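Dear colleague,

Please find below the structure that I was asked to hand over to you. My notes on it follow, arranged by topic.

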Amino acid sequence: MQLTNRSEVVVNKEMTFKERLYFPAIISGLIITVKHLFKKRATVKYPEEIRPMAPVYRGLHVLKRDEQGRENCTACGLCAVACPAEAITMTAAERKKGEEHLYREEKYAAIYEINMLRCIFCGLCEEACPKEAIFLTDRMLPSDMNRANFIFGKDKLVEGVSIDSRIDISKRTNAHRKD
Amino acid sequence: MAKEGDRLEGFEGPGFLATSLDKAVGMARKNSIWPLPFATSCCGIEFMATMASTYDLGRFGAERLSFSPRQADLLMVMGTIAKKMGPVLRQVYEQMAEPKWVIAVGACASTGGIFDTYSVLQGIDRIIPVDVYVPGCPPRPEQILDGVMKIQDLIQNESLRRRNSAEYQDLLASYGIE
Amino acid sequence: MTKNQQITNPTNTALQEKDYTILNLGPTHPATHGIFQNVMKMDGELIVSAEPTIGYIHRAFEKLAERRPFYQITPITDRMNYCSSPINNMGWHMTVEKLAGIEIPKRVQYLRVIIMELARISDHIICNSVIGVDSGAMTGFLYIFQWREFIYEIYEELCGARLTTNIGRIGGLERDFNEKAWEKIHYFLKEFPAGLKEFENLLVRNRIFMDRTIKCGPITAERALAYSFSGPNLRAAGVDYDVRVMNPYSSYEEFSFTIPIGTNGDTYDRFMVRQREMWESLSIIQQAIDKVNALEDKTSFHGNVPEFFLPPKEEVYNSMEALIWHFKIVMGETTIPKGEVYHCVEGGNGELGFYLVSDGGRTPYRLHFRRPCYIYYQAYPEMVKGSMLSDAILTMSSMNVIAGELDA
Amino acid sequence: MEFIIVKFVLVVIVFLVSLGIAAYSTYAERKIAAFLQDRVGPDRAGPFGILQPLADGVKMFMKEEIIPTHADKGLFILGPSIMMMTACMTGVVIPWGNTLIINGTEYPVQITDINIGILYIFGVVSIGVYGIMIGGWASNNKYSLMGAIRASSQMISYELAMGMSIIALVMMTGTLSIGEIVKQQQGMHWNVFVQPLGFILFIVCAFAECNRTPFDLPECETELVGGYHTEYSSMKLGFYLFAEYINMFISSAIIASLYFGGYNFPFIDQLGLPHNLLTLLGTLIFFGKVFFFIFFFMWVRWTLPRFRYDQLMHVGWRVMIPLALFNILLTAVIVLWQNGQFN
C-alpha cells in the first residue's frame with residue numbers, strides 16, 4: 001500500500017547460492033568477532049576507575065550555603081510542590097536573633113528531608129528553587145542495606161561550612177538557563 | 001550483619017576452623033554470584049547496560065545469568081512490581097535455593113517510587129526480605145555495581161549457620177514464608 | 001526453509017483438547033521484555049493458540065497524570081517507552097504547546113529533531129540487538145550496545161540523565177546544547193556508521209539468522225491496518241505510513257528521508273526496516289545540524305513564553321514579574337486554555353499519541369496515551385499461531401513490545 | 001601388577017586432567033566470551049580471576065539441594081550422574097601421546113588402545129543422551145521436558161551423520177582403533193587433508209553432540225529458561241554444566257586425534273631428540289591442538305545465532321546425512337582406485 005512517493009523496499013529475502021552454503025557468512029562472522037580479541041577493551045573497571053560523568057549529571061542533592069556560610073534555603077516549599085514523586089518534606093522555622101550567621105533568610109527549614117528511595121532524580125526541585133538552595137550534583141548515591149537510612153535529613157544534605165567541604169555546582173548554574 | 005562479623009572474631013564463637021571455613025566459603029560464594037534478573041521495566045535496561053561491555057558485571061563473576069530461580073543466588077528486582085506481580089515475585093523467591101540474597105534496584109522496586117498509585121506495590125520488602133536497596137530512577141550502572149558489591153560484603157561476612165539460625169527463620173516467618 | 005514454516009502435525013486431526021500442552025510463557029520468562037504472560041496451547045513445538053495476559057506492570061499512568069500539573073507529567077512519560085524516553089518527553093511538550101498555541105523557534109525545533117532521532121536510534125539499537133540475543137547471537141548486542149552507551153553520554157551532557165531523561169520543557173529545552181554535547185554528536189555521526197555496519201555484517205546475510213527470521217511471525221498489510229498498527233511494524237508489512245511524513249511536527253517536513261518498507265511483515269522485515277531507519281536517522285541528524293548552523297539565531301533554546309517557561313534565576317531575584325511567573329509555573333497555576341487536543345509523534349516503535357482534555361484547571365481533565373505497544377500486542381496471538389515456540393519469542397522481541405508502555 | 005599400577009596412574013592422571021581442563025574451560029569460556037565482546041571478564045577472584053572455577057565449584061557444593069515435590073526423585077538424581085559418568089568415560093581410548101620408555105619397557109600414553117575405540121566412544125556418548133533425557137523427564141517441568149525432547153532427537157539425528165562421516169575415515173585407515181589411526185598420521189599425513197568433507201561434517205556434528213551454539217537448543221536460555229536443567233540446583237546442576245565442558249574437551253581431543261594427527265607434528269623424525277622427550281613434546285602439541293578446538297567451540301558459540309528446531313532437523317537429515325553418504329561413496333571410489341581395482 002503506497003501512501004507517499006518516498007518509500008523504498010529495503011528487504012532482500014532471496015539468498016544467493018553462496019549465502020545458502022552457510023559457511024561464507026559464518027566465516028565472515030567469525031572474522032568480525034575475532035578482530036575484537038585484539039581491540040581495546042571498552043570496560044571501565046568501576047570501583048578502581050570511574051567513568052567521567054557529565055557535570056550536569058543529576059545525582060545526589062545538596063543544600064547550598066552562601067559565601068558567608070549561611071543556608072540558602074528559606075523553606076518556601078516550592079521544591080516539595082514541584083516534586084513529582086512527593087519525596088521532599090520540610091518544616092519551616094523562624095530565624096531567631098543571633099542566628100543570622102546560620103540562615104540567610106528570616107525563615108529557614110528546621111527539618112528538610114528527602115526520601116532518596118522515592119526520589120526519581122528528575123531535577124524539577126532544582127529548577128523550582130527560587131533561592132538557589134537545592135541542587136543535584138554529579139555525585140552518586142551509594143546503596144544501603146537499611147531502608148531507613150535513605151531518608152536524608154539536613155545532616156546529610158547541607159554542605160559543610162568550610163570552603164573545602166563546599167560542593168562545586170558552578171557548572172550547573174552556568175550552563176543552566178542562560179539566555 | 002555486623003553482629004555476625006563480630007562473632008567471627010570471638011573465642012566463644014564457632015571456633016577457628018569454622019570461621020576459616022566460613023571465610024573460604026564466603027570468598028567463593030561472593031565471587032560466584034549468579035543473578036536472576038527480575039527485570040520488569042526501566043531499570044532492566046540499565047541492567048543491560050551493566051551487563052554490557054562498558055561496565056561488565058562479569059568482572060564480579062556474575063555474568064552467568066540464571067533465569068531459573070533454582071540456580072540463582074541473587075534475586076535482582078528491577079522495576080515496578082505491580083500488585084498483580086507480587087505473588088509471582090514471591091513465588092520466585094520461594095523457589096530459589098538457599099543461600100539467597102535479594103537486591104531491590106531502583107526507586108520502584110524499593111518503595112514504588114513515583115508510582116504511588118492503586119496498582120503498584122509500595123516496595124518489595126512488603127513481601128520478601130530485601131538485603132540491599134539501590135536508589136535511583138533508574139540507578140546508574142555504577143550504582144548497581146555498588147549494590148552488587150554491598151551484597152558481596154554481606155556474603156563474605158555471612159556465617160554458614162545463618163540460614164539455619166532461629167533469627168533467619170523468624171525473618172522468613174515474618175514474611176509468611178515457611 | 002520456507003516450506004517448513006507451516007508444518008502441521010500429520011496426526012493433527014486426531015488430536016483432542018487433552019492432547020495439547022498448556023505452556024505458560026511468562027510472567028517471568030527471560031524473553032518477555034518486561035512482563036507479560038502468554039498462555040500457549042502447544043502441540044509439541046507448534047503453537048496452536050496463544051492467549052496473552054497483560055496488567056502485570058500496570059502503573060496507572062493516566063490517573064497519575066490527572067493529578068499532576070502539566071510540567072510534572074514529563075517524568076511520567078519518561079517511563080512509558082523507556083528505550084526512547086526523549087521522544088515521549090518531546091511528544092508531551094508538543095501536545096501542551098499545541099493546546100496552548102505556543103510558537104517554537106526554528107532552532108529549538110531542529111534541536112528537538114536531533115534529540116528525537118538520537119532517541120530513535122537508541123530504541124532501534126535495543127530492539128534489533130535483542131532480536132540477536134533472542135536468536136542466540138549475544139555478541140552483536142554487546143558491540144552495538146556500546147554505541148547506545150555513547151548516546152547515553154550525549155543525553156547526559158544535554159540533560160544530566162541517562163535513561164529517564166526528563167529532557168526539555170514546555171516551550172523549549174531546559175538548556176542549550178553545550179560544546180561537549182556538539183562534539184559528541186559529531187563524533188557519533190562520524191564513528192557510528194562503522195559500528196552499525198559491523199552489526200549488520202554479523203547478522204543480516206547470515207543464513208542461520210535469515211532462516212530464523214524470514215516468515216517468522218508475519219502479518220499482512222490489511223491485518224496490520226485492521227489492528228491499527230503503526231511505526232516500523234506497519235512499515236515492515238509494506239505500508240509506508242510515517243507520522244513524520246504524513247503529519248509533520250517539529251519541522252519534519254523540511255527533512256528529506258526515505259521511508260523504508262518491508263514486504264510481508266515478518267521478523268526479518270521488521271529487523272531490516274529498523275536497521276534502515278537508523279541510517280535514515282543518521283542522515284536526518286546531519287541535516288538538522290546543517291540547518292541549525294545555517295540559522296541566524298544561534299542562541300535561542302526556548303520560545304518566548306514567560307507563562308510556561310521558567311525565567312532565568314537572575315531575573316527571579318531581581319524582577320518582581322519574573323518571581324511571580326516562577327511561583328505560578330511551579331505551583332502549576334499557569335492558565336491552559338480549555339479544549340481538547342490530539343497530537344502524535346513517531347515514537348521509537350510507532351505512533352505515540354497524546355489525547356489531552358483540559359478544563360482550564362491546573363491538571364489535565366483527562367489524558368490518554370495512545371501506546372503503540374498495546375496495539376501490537378493484540379495481534380500477537382494471530383501472528384504466532386501455527387508457528388514454533390522459537391518463532392513466538394523472536395516475534396515478541398521484533399515487535400518491540402515494551403511492557404512499561406503496554407500496561408501504562 | 002606393574003601393568004595395573006601403570007594403568008591406574010594413567011587413569012587417575014587422565015581423570016584429573018579432564019576435570020581440571022573442564023573446570024578451566026568454564027573460566028576460559030567466560031574470558032574468551034569477554035574478550036570477543038570487548039569486555040574484561042571475571043577478574044576479581046584471584047589474579048585475573050584465575051580462581052573463578054574454584055569459587056563456582058565451592059558455591060555449588062554449598063548450595064541447597066532442591067528436589068521438586070513433583071519430580072521423580074530417583075531419576076532426578078540419576079540424570080546428572082549418567083551425564084557426568086559417561087563424560088568421564090570417553091577419555092579412556094584417546095591416545096594422549098606416543099610411548100614412554102622407562103627402564104627399557106615401553107608404556108603407551110593411552111589408557112587402553114582397544115581395537116574398536118571409535119565404536120566405544122559412540123556407545124558411551126549415546127548413553128550420555130539418557131542423562132539429559134532422564135533429567136529433563138524427571139524434573140516434571142514443561143520446559144525441561146521440551147529441552148529433553150529436543151536434546152534426544154538432536155543427538156540421535158546428528159549421531160547418524162557423525163557415524164557416517166567416520167565410516168569414510170575408517171575406510172581409508174582400515175582400523176577402528178584410535179591409537180592406530182593416530183600412528184598412521186605420522187608427520188604431516190593428517191587425515192584432514194584427505195577427508196576435508198568428512199572433517200567438516202564431523203565437527204558440525206560434534207557441535208551438535210556437545211549442545212553448543214548454534215545447536216544449543218536443549219538449553220537455549222531465551223526460549224526454555226534453562227532447558228533440561230531448569231529444575232536443578234547445586235552440584236547436580238554443576239554436573240550437567242561440567243559434563244558439557246568435559247564433552248567439549250573430549251570432542252576436541254577426538255577431532256585432534258582423528259583428523260589432525262593427534263600427537264604427531266611435522267618433522268617429528270628430524271629433530272633427533274630422545275624418544276621420551278619427543279613423546280612429551282608430542283603430548284604438548286596434542287594439547288595445543290585440543291586447546292585450539294576448545295577455543296574454536298567457544299569462538300563459534302559467541303558468534304552465531306542458533307537454529308530453530310525444525311531447521312536443525314532439516315540440516316541433520318537432509319544436508320548432513322546425504323553429504324556423509326556422498327563422502328562415503330567418494331572415499332570408496334578413491335580407495336578402490338588406489339588399490340588398483342579399476343585397472
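**Chain B: overall layout**

Read from the N terminus, the elements of chain B follow the order α-α-β-α-β-α-β-α-β-α-α. Please bear in mind throughout that this is a predicted model. In total, chain B holds seven helices and four strands. Of its 178 residues, 74% are buried. Chain B exposes about 5600 Å², and carbon and sulfur atoms supply 56% of that area. If one takes the contacts in chain B between residues at least 6 apart in sequence, 77% of them join residues at least 24 apart.

**One helix of chain B**

Which residues of helix H4 (residues 86-95) in chain B are buried? They are Gly86(B), Val88(B), Leu89(B), Val92(B) and Tyr93(B). When H4(B) is seen down its axis, these buried residues fall within an arc of 165°, so they line one face of the helix.

**Backbone details in chains B and D**

The bond from Glu98(B) to Pro99(B) is cis, with omega near -10°. Pro99(B) is placed in the loop between H4 and S3 of chain B. The bond from Cys137(B) to Pro138(B) is cis, with omega near -10°. Pro138(B) belongs to the loop between S4 and helix H6 (141-156) of chain B.

Asp56(B) has a phi near 55°, which is a positive value in a residue other than glycine. Asp56(B) is in the loop between helix H3 (42-51) and S2 of chain B. Is Asp56(B) buried or exposed? Its relative accessibility is 0%, so Asp56(B) counts as buried, the cut-off being under 20%.

In chain D, Asp38(D) has a phi near 65°, again a positive value in a residue other than glycine. The loop that holds Asp38(D) runs between helix H1 (2-36) and helix H2 (52-62) of chain D. Asp38(D) counts as buried because its relative accessibility is 4%.

**Asp125(B) and its surroundings**

Asp125(B) lies in the loop that joins helix H5 (106-111) to strand S4 (132-134) in chain B. With a relative accessibility of 12%, Asp125(B) counts as buried. Which residues does Asp125(B) touch, not counting those up to four places away in sequence? They are Arg147(A), Ser110(B), Val130(B), Tyr133(B) and Tyr175(B). With Tyr133(B) there is also a polar contact, made between the two side chains at 2.6 Å.

**A sheet in chain A**

Strands of a sheet pair through backbone hydrogen bonds, either parallel or antiparallel. In chain A, three strands form an open sheet in the order S3-S4-S6, and the pairing is antiparallel. Strand S3 (88-94) and strand S6 (151-152) of chain A are the edge strands, since each pairs on one side only. Strand S4 (residues 107-115) of chain A pairs with S6(A) in the antiparallel sense over two bridges. Ile114(A) stands opposite Phe152(A) in S6(A).

The size of an interface is often given as the accessible area lost when the parts come together. Between chain C and chain A, the buried area is about 5700 Å², and carbon and sulfur atoms give 54% of it. On the chain C side, Arg205(C), Arg207(C) and Lys313(C) lose the most area to chain A, together 12% of what that side buries. The contact takes 69 residues from chain C and 53 residues from chain A.

**Thr165(C)**

Thr165(C) is located in the loop between helix H5 (138-159) and helix H6 (179-203) of chain C. At 0% relative accessibility, this residue counts as buried. Leaving aside residues up to four places away in sequence, Thr165(C) touches Arg58(A) in chain A, and its contacts in chain C are Asp78(C), Ser85(C), Pro86(C), Asn89(C), Tyr155(C) and Cys159(C). From C-alpha to C-alpha, Thr165(C) and Met246(C) are 27 Å apart in space, and they are 81 residues apart in sequence.

Yours sincerely

Key. Residues are numbered from 1 along each chain as its sequence is written. Chains are lettered from A and ligands numbered from 1 in the order in which they are written. This is a predicted model: local features need pLDDT of at least 70, side-chain atom pairs count only at pLDDT 80 or more; totals for chains, interfaces and linings use all residues. Side-chain values use heavy atoms; hydrogens and water are left out. Buried means under 20% relative accessible area, exposed over 50%, partly exposed in between (1.4 Å probe, protein chains only). A polar contact is a pair of N or O atoms within 3.5 Å; within protein, one must be able to donate a hydrogen and the other to accept it, and residues adjacent in sequence count only if both atoms are side-chain atoms. Contact means heavy atoms within 4.5 Å. Two strands pair if DSSP finds at least two bridges between them. Accessible areas come from the Shrake-Rupley method with a 1.4 Å probe; for residues, only the protein chains shown count as cover. The arc is that of the directions from the helix axis to the C-beta atoms. Buried area is the accessible area (1.4 Å probe) that two parts lose on being put together, summed over both.
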